[in-house]
Every structure is written in structure tokens, then in C-alpha cells.
Amino acid sequence: MKSELPILKLTNLGKKYANHWAVRNLNLNLYQGEIYGFLGRNGAGKTTTIRMIMDLIKPTTGTIQLFGQTDIVRKEMRLRQIGATIEYPGFYPNLTARENLYYNAKMFEVDVARIDETLEFMGLQKAANRVVKGYSLGMKQRLGLARALLHQPKLLILDEPTNGLDPSGIKEIRELIQQLRTEFHITVLVSSHILSEIEQLADRVGMIHQGMLTKEIVLADLQQHGKQYIEIKVNNPQSAIQTLAHSYRLHDTKIIDEQTVHLFGTFHQPAEINRHLHQAGFDVSHFTLRRESLEDHFLRITGGFES
Ligand SMILES: Nc1ncnc2c1ncn2[C@@H]1O[C@H](COP(=O)(O)OP(=O)(O)OP(=O)(O)O)[C@@H](O)[C@H]1O
Ligand SMILES: [Mg+2]
């Protein structure tokens, strides 16, 4: 995958509002055929990044390359080759789904036969002649996807496509995105603040936090070699960490509560650490080697969802 040229390349992308950087020095490559999860809590900078990609706002710094091309032909390419939904998709409420899509079909010079084809693909054929103001949130999300797909884009950018959906609605959207990739080889950038959702959908996940891409993870790698840590319950975690730090290379430590601590590092002989603590006079009531899930990983990096 990595040997190919990226179809979307963001280099040092940044957006500053007044004196606040909504997005900072963001570098991201998206490759043909992958589903890339763009994960970050509220206000992390997901929508701002997507707006810049779609040329709805101008970057303060950096460049955006699409399909290997720089800015001059970008606008034309963007309209023709990208389909996007940004935050909650808006429609003409008093028009039917079919009528709403008709305007988009005209705009993209798409054969109107695509309207029914797309509505059918999204499972909206029965509701095609109903006015959109009577649609449920899930139906609106699906109609948003239909609109993004109408002109058969190569790249689909979905900003929180499962916003407001219940678990079965989320599953439906997830399966549709996967189907689009398998059947039509569409590349997908999908943002979310819901970890479990991205974990089940994406090939790679980029974590954005306070406008910066803090980590990229290939999910298959994480499943195989998720980060190992040792969980210890001990009478004085802070001092236990200090003691261990003299003898072991700890990559990271996290105090969970007044008696629990997580130690990150490469531990060839975990039992030795346990012995070490006992010998140093600590009361260790619990000692386990664990593997970090994507959720733990994300929370450790971003400090949780709460601001
Ligand atoms: N037009 C604007 N003017 C000023 N600040 C803005 C503007 N748009 C976004 N921001 C700020 O930029 C930051 C990133 O916002 P953004 O909407 O990109 O986050 P997000 O990751 O999409 O969040 P959410 O999950 O809530 O949709 C926030 O601090 C936000 O307040
Ligand atoms: Mg957003």
C-alpha cells in the first residue's frame, strides 16, 4: 500500500482562527483503497481538516495534494472525484429525496438514472418520493451518503457519518462503507469520535488531538502487537515507579488510581519486576501483563474525552 503514491497528501496543514490553531502541522497520506479513520474528540480539528481538503476554507499553512496534483486543477478534480458529507448533511426539506438528488445530478452532469441506482444502494428506494423533512436522522445520513456517491467518486470523505445514529444504524453505515470499498474500490476518509466504531471499520487510524495528528496506527498491527503494559496494584504507586525507573527503561507510566499503575515498556522478564518491588519493600497485591486496546491507547494519548 505504502509504495504507491498517496491519493491525498496533506503536508504541514494548519488552520489558525484568531490566535487559536484549530489544526497544526498536520501530515497525512491516504492511499488507494484504504479506509482511514480520522479519530478525535470534539473540537480536535476533524471538520476543519475536512473543510480545508474540500476547499471550503483556506489553510493558514501547508499544502493539499489530491491524486498527485497540486492546487491548479484541484477544484475541478475535487468536484468530480471526491464525494463528501460534512457534519450534519443539509437538504431542501420540502423536496423529496429524489428531487434533492436531482439538483446534484444536474450540477455534476450525472445521468439521472444514477439517482435511483444510488437511492436503491442506500436502501432509500421506498422513501425516494417522500419529502426530506419527514426523514429520520438515520435516513438523512443515508441520503447524505447517497448524495456523496452520486457522481461515483474515487474518494469519499465522511465527517462523522454515524452522528446521532443508534447501534443498528451505525452498523448499517459501517457495512455500506465496507461494501463501497469492496465493490467499487473507493478510498474512504471517515472521521469519528467513537472509537469502537472506527476500530471495526478502518484499516488505519489517525488520532487527532488539539489540532495535531498524534498517532497513526495500522489496526491489524495493533491487534497483533498491541502495546504491552504491566498493571500493578501496589501500596505507593508513585514511589514504586521511581524505584523501578532506576533499573528498568519505562517508556511510559500511568497512575490509574491510588493503588494502580500501568507500566509501559519492553518487559522480557516481568516476574523480575514483581520480585524487585517485593525486595524493595512494596506490597504488591496484583500484577498482570496486559495488552493495550485501541481504546486504552487513544485515551492515554488524548487524556480521555473530557475536556
Ligand atoms: N470558524 C471558526 N472560527 C473559530 N474557531 C473555529 C472555527 N471553526 C472551528 N473552530 C475551532 O477549531 C477547533 C476545531 O474544530 P473542529 O470543528 O474542526 O473540531 P472537530 O474535531 O470537528 O469537533 P467535533 O467532533 O465537535 O465535530 C475548535 O476549537 C473549534 O472551536
Ligand atoms: Mg466536526
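User: Where is the place of Val112?

Analyst: This is a predicted model, where local features need pLDDT of at least 70, side-chain atom pairs count only at pLDDT 80 or more, and totals for chains, interfaces and linings use all residues. Residues are numbered from 1 along each chain as its sequence is written, chains are lettered from A and ligands numbered from 1 in written order, and side-chain values use heavy atoms, leaving out hydrogens and water. Helices here are DSSP runs (H or I, at least four residues), as are strands (E, at least two), numbered from the N terminus. Val112 lies in the loop between helix H3 (97-107) and helix H4 (113-121).

User: Is Val112 buried, exposed or partly exposed?

Analyst: Buried means under 20% relative accessible area, exposed over 50%, and partly exposed in between (1.4 Å probe, protein chains only). Val112 is partly exposed, at 39%.

User: Which residues touch the most other members of the largest nonpolar core?

Analyst: Nonpolar side chains tend to be buried together in soluble globular proteins. A nonpolar core is a set of buried Ala, Val, Leu, Ile, Met, Phe, Trp, Tyr and Cys residues joined through side-chain atoms within 4.5 Å. Here the largest has 43 residues, and Leu119, Leu143, Leu156 and Val188 touch the most other members. Helix H5 (residues 137-149) gives the largest share, 6 residues. A second, separate core of 24 residues includes Leu28, Leu30, Ile64 and Leu189.

User: In which sense do strands S8 and S9 pair?

Analyst: Pairing requires at least two DSSP bridges between two strands. S8 (residues 204-209) and S9 (residues 212-218) pair in the antiparallel sense over 6 bridges. Arg204 stands opposite Val218 in S9.
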